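Student: I would like to go through the labels used for this model and ask what each one rests on. Please set the value beside the cut-off each time.

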Amino acid sequence: MTLIKRILTFLALSLAINSNGFAHKYKFENLEIIKPHLRETPPGATVAAGYLIINNFGVSDDVLISAHGSISQKTEVHEMKIENNIMKMRKVKDGLEIKSGATVQLKSGGHHLMFIQLKTPIKEGDTHEITLFFRESGALNIPFKVWEPIGSKKADPEHHH
């Protein structure tokens with residue numbers, strides 16, 4: 001992607017964010033990011049999880065390689081799996097593949113972003129800028145809203161505006 005196209009994309013996203021307060025969908029290249037959000041953390045927490053839905057409308061596959069935000073020392077793409085009746089969480093080695101025409105949901109109990117060594121508490125109502133890095137589409141800065149209070153089991157923050 002050319003530098004001018006990246007700048008125009010950034011400006012378009014900035015206008016959408018500023019004019020709507022907070023949008024639930026962001027288009028970038030052939031990707032659509034829906035409902036990016038975090039859960040509030042208890043005092044002293046050192047990790048937080050991030051959730052979103054990614055639609056790939058392109059003709060080629062893409063991969064969510066990594067993410068970065070100023071809220072933590074590092075961020076990893078994680079998966080949760082049950083192995084031998086034990087729930088295990090681990091970093092996705094080669095990124096999370098988003099096939100052409102597919103939708104991938106990062107949610108509680110499945111794939112998610114893990115923010116490690118938090119630098120700041122995650123409080124309900126706050127918004128944190130997170131950069132998502134895709135193999136084909138490049139870097140995308142997205143605001144993640146803290147929709148869910150501590151201990152929330154809500155899978156979908158649809159009711160928030």
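Student: Where is Glu 76 found?
Tutor: Glu 76 is found in strand S5, residues 72-83. Strands are DSSP runs of E with at least two residues, helices are runs of H or I with at least four, and both are numbered from the N terminus. This is a predicted model, in which local features need pLDDT of at least 70 and side-chain atom pairs count only at pLDDT 80 or more, while totals for chains, interfaces and linings use all residues. Residues are numbered from 1 along each chain as its sequence is written, and side-chain values use heavy atoms, with hydrogens and water left out.

Student: Why is Glu 76 called buried?
Tutor: Buried means under 20% relative accessible area, exposed means over 50%, and partly exposed lies in between (1.4 Å probe, protein chains only). Glu 76 has 14% relative accessibility, so it counts as buried.

Student: What makes the pair Glu 76 and His 78 a polar contact?
Tutor: The side chains of Glu 76 and His 78 are joined at 2.7 Å. The definition asks for a pair of N or O atoms within 3.5 Å; within protein, one must be able to donate a hydrogen and the other to accept it, and residues adjacent in sequence count only if both atoms are side-chain atoms.

Student: Which residues does Glu 76 touch, not counting those up to four places away in sequence?
Tutor: Lys 91, His 112, Leu 113, Met 114 and Ile 116. Contact here means heavy atoms within 4.5 Å.

Student: What places Leu 113 in the description of the largest nonpolar core?
Tutor: A nonpolar core is a set of buried Ala, Val, Leu, Ile, Met, Phe, Trp, Tyr and Cys residues joined through side-chain atoms within 4.5 Å. The largest one has 28 residues, and Leu 113 is among those with the most contacts inside it, together with Ile 33, Ile 54, Leu 64 and Leu 132. The largest share of this core, four residues, comes from strand S11, residues 138-148. Beyond four places in sequence, the contacts of Leu 113 include Leu 64, Leu 132, Phe 144 and Glu 76.

Student: Why is S2 said to be largely enclosed by the rest of the structure?
Tutor: Nine of the nine residues of S2 are buried, so the strand is largely enclosed.

Student: How do you know that S1 and S2 pair?
Tutor: Two strands pair if DSSP finds at least two bridges between them. S1 and S2 have four bridges, in the antiparallel sense, and Lys 25 stands opposite Ile 34 in S2. S2 is also joined to strand S3, residues 47-56, by six bridges, again antiparallel. There, Leu 38 has Gly 50 as its bridge partner.

Student: What makes Glu 29 stand out in the turn between S1 and S2?
Tutor: S1 and S2 form a hairpin with two residues between them, and Glu 29 in that turn has a positive phi of about 55°. Most residues other than glycine have a negative phi. Glu 29 has a relative accessible area of 31%, so it is partly exposed.

Student: Why is Asn 84 called exposed?
Tutor: Its relative accessible area is 74%, so Asn 84 is exposed. Asn 84 is found in the loop between S5 and strand S6, residues 86-91, and has a positive phi of about 55° although it is not a glycine.

Student: Why does Ser 137 count as buried?
Tutor: Ser 137 has 6% relative accessibility, so it falls in the buried class. Ser 137 lies in the loop between strand S10 (127-134) and S11, and its side chain makes a polar contact of 2.6 Å with that of Asp 62.

Student: What is the confidence of the chain as a whole, in terms of pLDDT?
Tutor: pLDDT is the predictor's confidence in each residue, from 0 to 100. The mean over the chain is 83, and 78% of its residues reach 70 or more. Over residues 10-22 the pLDDT stays under 50, and over residues 155-161 it is below 50. Where pLDDT is low, the predicted coordinates should not be read in detail.
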